[in-house]
Amino acid sequence: MTLPIRLSKSSREPIYHQIEHQIKALIASGQLTTGDPLPSIRLLAKDLEISSITIRRAYQNLEYSGFIKTSQGKGTFVAEVDPDMKTTMASKAVEDAIMKAITTAKQHELSDDDILDLVRSLLTKEES
């Protein structure tokens, strides 16, 4: 199984956090469901061309948070995640993306009205 994970090596966010966040997003969006197998640490490290230690840390954090579970000798699988938690995660991801966009807009000295007009324009464009 290949996961659609894209890493930004120029980002200030640690690589293992990027992996954690993207796997959580895949789970929250339903692209990964309960019981789905995840690639082995070694295979994912090879696919992403990073250290297996980095993958291990991301998997450990995900397991500690209850998003995945590892069965000795069988592999790593998506755990049962509370639907409310999935909804909260999805809302948080969208909120973070919008906040990042607002910060960028403010850095370019757009007013609140300019930002709202831009969002309305993009929503209209998306609907058509």
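By class, the lining of the largest pocket in this predicted model has 6 nonpolar, 4 polar and 5 charged residues, where Ala, Val, Leu, Ile, Met, Phe, Trp, Tyr, Cys and Pro count as nonpolar, Asp, Glu, Lys and Arg as charged, and the others, Gly among them, as polar. Since the model is predicted, local features need pLDDT of at least 70 and side-chain atom pairs count only at pLDDT 80 or more, while totals for chains, interfaces and linings use all residues. Residues are numbered from 1 along each chain as its sequence is written, and side-chain values use heavy atoms, with hydrogens and water left out.

Let me stay with the pocket. The volume of the largest pocket is about 500 Å³, and of the 15 residues that line it, E13, H21, K92, A93 and D96 lie nearest its centre. A pocket here is, on a 1 Å grid over the protein atoms alone, an open set of points where a 1.4 Å probe fits, with protein on both sides within 12 Å along at least five of seven lines, and lining residues have an atom within 4 Å of a point. Helices are DSSP runs (H or I, at least four residues), numbered from the N terminus.

The contact, meaning heavy atoms within 4.5 Å, is made by K24, I27 and A28 of helix 1 and K86, M89 and A90 of helix 4, which by class gives 4 nonpolar, no polar and 2 charged residues.

Helix 1 also meets helix 3, and here the axes come within 8 Å and cross at roughly 45°, so helix 1 and helix 3 are oblique to each other. On the helix 1 side this contact is made by I15, Y16, I19, E20, I23 and K24, and on the helix 3 side by T54, I55, R57, A58, Y59, N61 and L62; the classes are 8 nonpolar, 2 polar and 3 charged.

Finally, helix 2 (residues 41–48) and helix 3 (residues 52–64) have axes that come within 8 Å and cross at roughly 120°, and these two helices are therefore oblique to each other. I41, L44, A45 and L48 in helix 2 meet S52, I55, R56 and Y59 in helix 3, and the residues of this contact divide into 6 nonpolar, 1 polar and 1 charged.

Technical notes: Axes fitted to C-alpha atoms, helices over the stretch in contact; angles between N-to-C directions. Parallel < 35°, antiparallel > 145°, perpendicular 65-115°, else oblique. Points joined across faces, edges and corners; volume = space filled by probe spheres on them.
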